[in-house]
Amino acid sequence: MKAQQPPLIAPSILSADFGAMREAVLALTEGGADWIHFDVMDGHFVPNLTFGAPMVAALRPHSHLPFDVHLMIEHPERLIPDFAQAGANSITVHVEACAHLHRVIQQIRELGCGVGVALNPHTPLESVRYVLPAIDLLLIMTVNPGFGGQAFIGLMYPKIREAAALIQRDAPHVLLQVDGGVSPDNARELAACGVQVLVAGSSVFCAPTPQAGVAALRLALMSQQA
């Protein structure tokens with residue numbers, strides 16, 4: 001079983017200063033982050049607009065860490081090739097945005113990237129049951145997507161535990177990721193639920209330094225392991 005390993009920490013640069021993105025990536029790389037998470041929003045699928053593939057490409061030379069791109073956009077198949085070319089290591093799309101989810105999964109795989117599928121808080125796990133063996137990562141949203149800094153939705157704990165059990169039974173190679181309201185206060189409980197990748201934005205970038213934010217999460221996880 002994979003559950004004994006402490007979760008990976010994937011800070012979301014959505015919460016960084018957009019005028020200092022290079023510095024944010026360098027701080028996360030030097031500060032012990034495992035991945036760097038990019039929340040891409042189009043102003044249609046979610047009520048916010050962030051950045052596109054050129055941002056990923058501009059930051060790629062400044063870190064050796066995996067770039068984990070989360071596409072909160074309509075018709076993601078249009079832009080997936082751009083993000084793959086920009087240097088994304090993994091690309092996650094939403095069930096709710098894909099009319100032909102399996103086709104999109106194949107597209108990402110053929111471009112050489114890891115494949116993730118995300119579920120909004122209200123979307124049932126049943127919607128991924130028949131594609132789960134074909135993906136690498138399942139993302140459970142623990143806020144309604146669109147804005148950083150939202151509070152974790154406590155009602156998601158049962159869904160997270162059910163997702164962990166489903167993965168263990170049907171596709172144990174799949175990593176379980178959560179995104180939204182993750183902090184040192186709930187990191188221990190999320191790890192205990194079987195989460196393997198923690199996406200954290202505000203808790204990392206509202207700390208005195210991003211390095212301190214990553215360290216606080218790591219400390220919380222270490223105390224959970226003890």
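Tutor: The largest nonpolar core in this predicted model has 70 residues, and Ile 13, Leu 138 and Ile 160 are the ones with the most contacts inside it. Helix H5, residues 156–170, supplies the largest share of this core, seven residues. A second, separate core has nine residues, including Trp 35, Leu 137, Met 141 and Val 199. As background, nonpolar side chains tend to be buried together in soluble globular proteins.

Let's zoom in on Ile 13. Leaving out residues up to four places away in sequence, Ile 13 touches Phe 18, Met 21, Leu 28, Ile 36, His 37, Phe 38, Phe 51, Leu 59 and Phe 205. Two of these names, Met 21 and Leu 28, turn up again in helix H1, residues 21–30, where Met 21, Ala 24, Val 25, Ala 27, Leu 28 and Thr 29 are buried. Just after H1 comes Gly 32, with a positive phi of about 95°.

Now for the sheet. Eight strands form an open sheet in the order E1-E8-E7-E6-E5-E4-E3-E2, and the pairing is parallel. Strand E1 (8–11) and strand E2 (36–41) are the edge strands, each pairing on one side only. On average, neighbouring strands of this sheet are turned by 25° against each other, direction ignored. In general, the strands of a sheet pair through backbone hydrogen bonds, in a parallel or an antiparallel way.

E3 itself is mostly covered, with six of its six residues buried. Phe 67, Val 69 and Leu 71 point one way from E3, while Asp 68, His 70 and Met 72 point the other way, and all are buried.

His 75 has a positive phi of about 50° although it is not a glycine. Its relative accessibility is 43%, so His 75 counts as partly exposed, the range between 20% and 50%.

Next along the sheet order, take Thr 92, which lies in strand E4, residues 90–94. The relative accessible area of Thr 92 is 1%, and this residue is therefore buried, as the cut-off is under 20%. Not counting residues up to four places away in sequence, Thr 92 touches Asp 68, Val 69, His 70, Leu 71, Gly 116, Val 117, Ala 118, Leu 137 and Leu 139.

Asp 179 has Val 199 in E8 as its bridge partner.

In H6, residues 184–192, the buried residues are Asn 186, Ala 187, Leu 190 and Ala 191. These four lie on the same side of H6 because they cover an arc of only 145° around the axis. On the face turned away from that buried side, H6 carries the exposed residues Asp 185 and Ala 192. Asn 186 has a relative accessible area of 8%, so this residue is buried. Apart from its neighbours within four places in sequence, Asn 186 is in contact with Phe 152, Tyr 157 and Gly 181. After H6 comes Gly 194, whose phi is positive, near 105°.

Finally, step back to the whole protein, which has eight helices and eight strands. Its radius of gyration is 16 Å, close to the 17 Å that the globule rule gives for 226 residues, so the protein is as compact as a globular protein of that length. Buried residues make up 55% of the 226 residues. Of the contacts with a separation of 6 or more, 65% are between residues 24 or more positions apart.

Notes
Residues are numbered from 1 along each chain as its sequence is written. This is a predicted model: local features need pLDDT of at least 70, side-chain atom pairs count only at pLDDT 80 or more; totals for chains, interfaces and linings use all residues. Side-chain values use heavy atoms; hydrogens and water are left out. Two strands pair if DSSP finds at least two bridges between them. Helices (H or I, at least four residues) and strands (E, at least two) are DSSP runs, numbered from the N terminus. Axes are lines fitted to C-alpha atoms, for helices over the stretch in contact, and angles run from 0 to 180 degrees between N-to-C directions. Buried means under 20% relative accessible area, exposed over 50%, partly exposed in between (1.4 Å probe, protein chains only). Contact means heavy atoms within 4.5 Å. A nonpolar core is a set of buried Ala, Val, Leu, Ile, Met, Phe, Trp, Tyr and Cys residues joined through side-chain atoms within 4.5 Å. The arc is that of the directions from the helix axis to the C-beta atoms. The radius of gyration is taken over C-alpha atoms; the globule rule is 2.2 Å times the number of residues to the power 0.38.
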